[in-house]
Amino acid sequence: MGKKVKKRKEIFTLMLVPHSGKGVRQITISRLSFSFILIGIAVGFFSLFFFINDYRQMRYKVARLNELEVANQIQKEKILSLAQKIKDFNETMEKLKKLEDRLRILAGVGGGIKEELGKGGPQDYLLLEEDIKASKRELLPNHLIKKIEENTLFLKDEIEKREKGFEEVEKIIRQKRELFASTPNIFPVQGWISSGYGPRTNPFTKKREIHRAIDIVAPWGTEVRASAQGKVVFAGWKDGYGLMVRMNDGYGYYTVYGHLSRILVKQGQWIKKGEVIGRVGSTGQSTGPHLHFEVWFKGKTVNPLGLMVEPLGKTG
């Protein structure tokens, strides 16, 4: 039988030679150990690489979270500011509603819409205010955002109501202004009343009759002003009245100005309240300078004194 050949063990020798050349050191290591060392070094490098990469990603995420936190804080402050503005706007709308009610009362049409602002009025604003205070100390609650959305819808509805309400009040005030302008409620001439509205003895026939006007004595040529705005429907001579102006004042009113010495308007002309339309005279069936003033309402004569908003003279 042949001799067994003994397998030689593979080893590596590392020599450490200092610059001085003295004390050379040798390190002997097996191939297997050397392989483990290389593997260990490689694993270490890979671990270090992944650690550095994870660290960079973590730093990026932290920086991103900080940015998001700052953005979230800014958004929170904006939402809180918006909530405060909505609360203030709610209170302003409530004041406008009360103003509309006062205007309706002044216009003679009573109060306005009876619904409270939003979902019950000022008590809801108090809840919103509490939410705002709480949100300043904590994260922004979802119910605050929901309440802001609800209040926004309420405000939109309330704005439409107030807009319609003020348009209605404006329309009523315009109508009342027109009605006042068309109502013969100022004396057409300054003087004193020689003959009032109602029963009297006719100065020409000496018979009792109903005097359907008032006679205002004034000096010859005194300016006669329109007691109400309106359109001149007649300007000229009429038996009994002499020189006469008749106006359609609107809203069922007509006015007649008789015994004028001069007529200063034309038929079809539009006259403003208080505008001069003629001068006092004694034309027609008259005993002296005065103005014969009639007021008609819906086809019937009425006592002009019942419409006047100013005092004048004494009854003769």
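**Where the labels come from**

Me: In this predicted model, the side chain of glutamine 229 makes a polar contact with the side chain of serine 182. What makes that a polar contact?

Reply: The pair sits at 3.2 Å, and the cut-off for N or O atoms is 3.5 Å, so the distance passes. One atom must also be able to donate a hydrogen and the other to accept it.

Me: And is glutamine 229 buried or exposed?

Reply: Its relative accessibility is 11%. Buried means under 20%, so glutamine 229 counts as buried. As for its place, glutamine 229 is in the loop between strand 7 (223-225) and strand 8 (230-238). Its contacts beyond four places in sequence include Glu178, Ser182, Met247, Asp249, Trp270 and Lys273.

Me: Another loop residue, then. Where is glycine 274, and what does glycine 274 touch?

Reply: Glycine 274 belongs to the loop joining strand 11 (270-271) and strand 12 (276-280). Leaving out residues up to four places away, glycine 274 touches Ile186, Arg225 and Ala226. Serine 227 is 47 residues away from glycine 274 in sequence, yet their C-alpha atoms are 6.1 Å apart.

Me: Arg225 turns up there. Why is the pairing of arginine 225 and glutamate 223 called a salt bridge?

Reply: Their side chains meet at 2.7 Å, N to O. The limit is 4 Å between a Lys or Arg nitrogen and an Asp or Glu carboxyl oxygen, so this pair qualifies. Arginine 225 has 36% relative accessibility, which lies between 20% and 50%, so arginine 225 is partly exposed. Glutamate 223, at 33%, gets that label as well.

Me: How many salt bridges are there in the whole structure?

Reply: The search finds 8. Among them, lysine 97 meets aspartate 101 at 3.6 Å, and aspartate 157 meets lysine 161 at 3.4 Å. Arg200, Glu209 and Asp215 are linked in a network of salt bridges.

Me: How do you know that lysine 97 and aspartate 101 are separated by about one helical turn?

Reply: They are 4 residues apart in helix 1 (residues 31-107), and therefore about one turn apart. Lysine 97 and aspartate 101 are both buried. Aspartate 157 and lysine 161 are also 4 residues apart, in helix 3 (residues 142-182), so about one helical turn separates them. Their accessibilities are 38% for aspartate 157 and 21% for lysine 161.

Me: Which residues touch the most other members of the largest nonpolar core?

Reply: Val245, Tyr257 and Ile277, out of 23 residues. Strand 6 (214-217), strand 9 (242-250), strand 10 (253-263), strand 12 and strand 13 (290-297) each give two or more residues to this core. Apart from it lies another core of 5 residues, including Ile86, Met93, Ile148 and Leu155.

Terms used
Residues are numbered from 1 along each chain as its sequence is written. This is a predicted model: local features need pLDDT of at least 70, side-chain atom pairs count only at pLDDT 80 or more; totals for chains, interfaces and linings use all residues. Side-chain values use heavy atoms; hydrogens and water are left out. Contact means heavy atoms within 4.5 Å. Buried means under 20% relative accessible area, exposed over 50%, partly exposed in between (1.4 Å probe, protein chains only). A nonpolar core is a set of buried Ala, Val, Leu, Ile, Met, Phe, Trp, Tyr and Cys residues joined through side-chain atoms within 4.5 Å.
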